[in-house]
Amino acid sequence: MPSGRLLEDSKDFLKKIGINVKEPANRELISYENGYTFYFPRAFDVPVYVENGVDIGICGSDVVLERNNEVYIPLELPFGKCRISIILPENREISFQKMEGYKIATKYPEITKNFFSEKGLKVKILKLNGAVELAAKTGIADAIVDIVDTGNTIKANNLKEAYKIMDISAVLLVNRITQKTKFDFINDLINKAKNYKNGVKGQ
């Protein structure tokens with residue numbers, strides 16, 4: 001289970017397909033309910049757990065692309081919709097094609113590196129773990145690459161979304177061995193998830 005912004009939507013999604021999630025008490029990181037064991041790592045670590053033995057996980061597609069773990073992704077889920085974009089100070093007008101040599105602050109160095117490399121541009125990437133908006137405000141970076149949802153945070157910091165790199169969404173992850181050894185269970189879960197997803201789209 002992904003801690004943070006996707007947790008409530010993930011719980012609701014699983015409940016809709018017949019799996020009730022019990023959150024752990026106090027500071028515990030594991031819970032048990034109806035024969036299921038639920039783990040609650042940081043969302044950014046979910047693909048690592050699934051790659052290394054946990055059967056199923058949910059996280060953002062941004063995390064999967066950044067971590068590049070060996071996991072099976074059978075389904076994009078109907079929540080967690082946002083995007084990764086290049087963000088600039090609101091008074092700066094420049095296309096990404098002219099960002100050669102720019103310093104780019106981001107929590108997503110791999111996604112950022114791949115994007116600019118594919119465009120044939122060399123940039124310096126500053127890897128940050130906290131609020132990357134501060135890097136643009138202090139001037140240590142020329143631009144930032146980050147998740148944009150409502151856009152309120154960047155507006156509050158006198159920044160603007162200049163270019164969308166990609167849309168992202170929550171995704172279902174399956175351990176590659178589990179996909180084979182528990183095929184019937186996984187296939188049933190995926191079918192229920194698809195039916196739920198199609199129902200959401202049809203509303």
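**Exercise 1.** Into which classes do the residues of the lining of the largest pocket divide?

*Solution.* 
- The lining of the largest pocket holds nine nonpolar, eight polar and eight charged residues. Here Ala, Val, Leu, Ile, Met, Phe, Trp, Tyr, Cys and Pro are nonpolar, Asp, Glu, Lys and Arg charged, and the others, Gly among them, polar.
- The model is predicted, so local features need pLDDT of at least 70 and side-chain atom pairs pLDDT 80 or more, while totals for chains, interfaces and linings use all residues. Numbering runs from 1 along each chain as its sequence is written, and side-chain values use heavy atoms, without hydrogens or water.

**Exercise 2.** State how much space lies in the largest pocket, and locate this pocket relative to the domains.

*Solution.* 
- The space in the largest pocket is about 640 Å³, a volume filled by probe spheres set on grid points joined across faces, edges and corners.
- Its lining has 25 residues, and Arg 5, Asp 62, Lys 107, Tyr 108 and Ile 147 are the closest to the pocket centre. A pocket is an open set of points on a 1 Å grid over the protein atoms alone where a 1.4 Å probe fits, with protein on both sides within 12 Å along at least five of seven lines; lining residues have an atom within 4 Å of a point.
- Two or more lining residues come from each of α3 (61–67), β8 (143–148) and α6 (152–156). Helices (H or I, at least four residues) and strands (E, at least two) are DSSP runs numbered from the N terminus.
- The largest pocket lies between domain 1 (6–80 + 169–201) and domain 2 (82–168), because both give residues to its lining. The bounds come from an automatic or database domain assignment.

**Exercise 3.** How far apart are the centres of domain 1 and domain 2, and how many residues of each are in contact?

*Solution.* 
- Taken over C-alpha atoms, the centres of domain 1 and domain 2 are separated by 29 Å.
- Contact (heavy atoms within 4.5 Å) joins seven residues of domain 1 to 10 residues of domain 2.
- For the protein chain, the C-alpha atoms fill a box of roughly 55 × 35 × 35 Å along the principal axes.

**Exercise 4.** Describe the second largest pocket by its volume, lining and residue classes.

*Solution.* 
- The second largest pocket contains about 440 Å³ of space.
- Its lining has 19 residues, with Thr 37, Phe 38, Val 54, Asp 55 and Ile 56 nearest the centre.
- At least two lining residues are supplied by each of β2 (36–39), α2 (46–51), β3 (56–60) and α8 (183–202). The largest share, four residues, is that of β2.
- The classes are 15 nonpolar, two polar and two charged residues.

**Exercise 5.** Are Thr 106 and Asp 146 buried or exposed, and which residues do they touch?

*Solution.* 
- Thr 106 lies in strand β6 and is buried, since its relative accessibility is 0%.
- Leaving out residues up to four places away in sequence, Thr 106 touches Thr 112, Ile 125, Leu 126, Lys 127, Leu 128, Val 132 and Val 145.
- Asp 146 is part of strand β8 and, at 7% relative accessibility, is also counted as buried.
- With the exclusion of residues up to four places away in sequence, Asp 146 touches Arg 83, Ile 84, Ser 85, Ile 87, Lys 107, Tyr 108, Val 132 and Glu 133.
- The C-alpha atoms of Asp 146 and Lys 107 are 6.9 Å apart, although 39 residues separate the two along the chain.

**Exercise 6.** What is the phi of Asn 34 and of Asn 68, and in which loops do they lie?

*Solution.* 
- Asn 34 has a positive phi of about 50 degrees and lies in the loop between β1 (30–33) and β2.
- Asn 68 has a positive phi near 55 degrees and lies in the loop between α3 and β4 (72–76).
- Asn 34 is exposed at 62% relative accessibility, and Asn 68 is exposed at 63%.

Methods
Buried < 20%, exposed > 50% of the residue type's maximum accessible area, 1.4 Å probe, protein only.
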